[in-house]
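Here is a short report for a first look. The sequence and structure come next.

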Amino acid sequence: MSDDEEKETRDEFDEAVNMTPKELEEWLETEESKSVGQSEGGESTGHRSGRRIVELLRTRKGDLTEDDHEHMRKVNGYVKRHLAQRPDGDVTDTRWRYSLMNWGHDPLK
């Protein structure tokens, strides 16, 4: 991946992830967070991603690896696709919002 592609990925990630590491960590401890997402008897994909996002947010840009950038691209794609499926009405207490929050994006911010 070129430097320009890495920068574009980071910029999109910074836009997609609008929760701070602390906000995301606190959210991931809630029952609402643990109640959504696809899992095979354990932690959901989104919940696991949320923990990884906290790590990425706390990593200096110069220390990010190719694997880190790949996860950022995955987050960018998920948030973009999920936002396009916004349900009608108040989304405050919806599984849709909870899923997005597991990926670091609170649509009410």
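## Around Ser33

Leaving aside neighbours within four places in sequence, Ser33 is in contact (heavy atoms within 4.5 Å) with Trp27, Leu28, His47 and Asn102. Ser33 lies in helix α3, residues 31-34. Helices here are DSSP runs (H or I, at least four residues), numbered from the N terminus. Ser33 is buried, with a relative accessible area of 0%; buried means under 20% (1.4 Å probe, protein chains only).

## Basis of the model

This is a predicted model: local features need pLDDT of at least 70, side-chain atom pairs count only at pLDDT 80 or more, and totals for chains, interfaces and linings use all residues. Residues are numbered from 1 along each chain as its sequence is written, and side-chain values use heavy atoms, leaving out hydrogens and water.

## Helix α5

Helix α5 covers residues 66-83. Its 18 residues should span 26 Å at 1.5 Å a residue, and its end C-alpha atoms are 26 Å apart, which agrees. The expected span is 1.5 Å times one less than the number of residues.

The buried residues of α5 include His69, Met72, Val75 and Val79. The buried residues of α5 pack against α1 (3-16), α4 (45-57) and α6 (95-102).

## Where α1 meets α5

The axes of α1 and α5, lines fitted to C-alpha atoms over the stretch in contact, come within 9 Å and cross at roughly 45°. That makes α1 oblique to α5.

The contact includes Phe13 and Ala16 of α1, and Met72 and Val79 of α5.

Terms used
Helix = DSSP H or I, 4+ residues; strand = E, 2+ residues; numbered from the N terminus. Buried < 20%, exposed > 50% of the residue type's maximum accessible area, 1.4 Å probe, protein only. Axes fitted to C-alpha atoms, helices over the stretch in contact; angles between N-to-C directions. Parallel < 35°, antiparallel > 145°, perpendicular 65-115°, else oblique.
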